[in-house]
Amino acid sequence: MARNDERRRLLTDAGIDVLAADGMRGLTHRAVDARAGVPTGTASNYFRSREALVGALVERIGERLAPDPAVHAQWRDRTPTPALFADYTRDIVRRLSAERDVTLALFTLRLEAARSPAIASALGDWMRAGFAADVAFNRDAGLPGGAFEIALFHYAIEGLILDRLTVPIDPEVSTDEIVEAFVEGLLGDRTGDGERRG
């Protein structure tokens, strides 16, 4: 069978669906084939091992959660302020929430990384590269906060998304209100270069 990018995307999207619905125990080549509606053996033709399949899923998760350039373009000429930082943060939260199955698959992989060095390696490399890119984007855009603040936002946002996609502790509080509180709490008493005042 000829390999092609469209078939590869079909398979990785099916793998993401399997992860979100059935967890790591359900992630098999056969399950991916069934979810994708392709002949048995197709996934193993593209991904020779489970590790190769997981690596492809990590890559596809990154593609599906990537920002929309059109959304970012509308903010390009705005003054870099905490309010603009909040808009970027809301966009991240929106993407993670809108792509529910993709985000659940990512959380599934993160939990499995605690038990699997191979998954920890693949996921860790991808996450650290993404974090470095986030720090560079923030710096290049002139937005307030440095690497420390970006790390804090990762911790906060990931906790917020886990809460919202599973069992919210306070479902009456709006997600936007929480994001505003994050920005005010983490950037309100810091200078633009990420250093604490005083």
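Read along the sequence, the protein chain follows the pattern α-α-α-α-α-α-α-α-α-α. It holds 10 helices and 0 strands; helices (H or I, at least four residues) and strands (E, at least two) are DSSP runs, numbered from the N terminus. The model is predicted: local features need pLDDT of at least 70, side-chain atom pairs count only at pLDDT 80 or more, and totals for chains, interfaces and linings use all residues. Residues are numbered from 1 along each chain as its sequence is written, and side-chain values use heavy atoms, with hydrogens and water left out.

The C-alpha trace spans about 60 × 35 × 30 Å along its principal axes. Of the 198 residues, 41% count as buried (under 20% relative accessible area; exposed is over 50%, partly exposed in between; 1.4 Å probe, protein chains only). Contacts are heavy atoms within 4.5 Å. Among contacts with a separation of 6 or more, 65% come from residues 24 or more positions apart.

Helix α6 covers residues 82–98. Its 17 residues should span 24 Å at 1.5 Å a residue, and the end C-alpha atoms are 24 Å apart, which agrees. The expected span is 1.5 Å times one less than the number of residues. Buried residues of α6 include Leu84, Phe85, Ala86, Tyr88, Val93 and Leu96. Asp87, Thr89, Asp91 and Arg95 are also on the buried list. The cover over these residues includes α4 (50–65), α5 (69–73), α7 (100–113), α8 (117–140), α9 (147–165) and α10 (175–187).

The structure holds 4 aromatic pairs. Rings of Phe, Tyr and Trp (its six-membered ring) pair if their centres lie within 6.5 Å; planes under 30 degrees apart count as stacked, over 60 as edge-to-face and the rest as tilted. One of the pairs joins Phe85 and Phe153, with centres 4.6 Å apart and planes at 55 degrees, so this pair is tilted. The pair links distant parts of the chain: Phe85 lies in helix α6 and Phe153 in helix α9, 68 residues apart. Phe85 is buried, with a relative accessible area of 5%. Phe153 is buried too, at 4%.

Tyr88 and Phe137 form an edge-to-face pair, 5.2 Å centre to centre with 80 degrees between the planes. This pair also links distant parts of the chain, from Tyr88 in helix α6 to Phe137 in helix α8, 49 residues apart. Tyr88 is buried, with a relative accessible area of 10%, whereas Phe137 is partly exposed at 37%. Ring pairs link Trp75, Tyr88 and Phe137 into a cluster.
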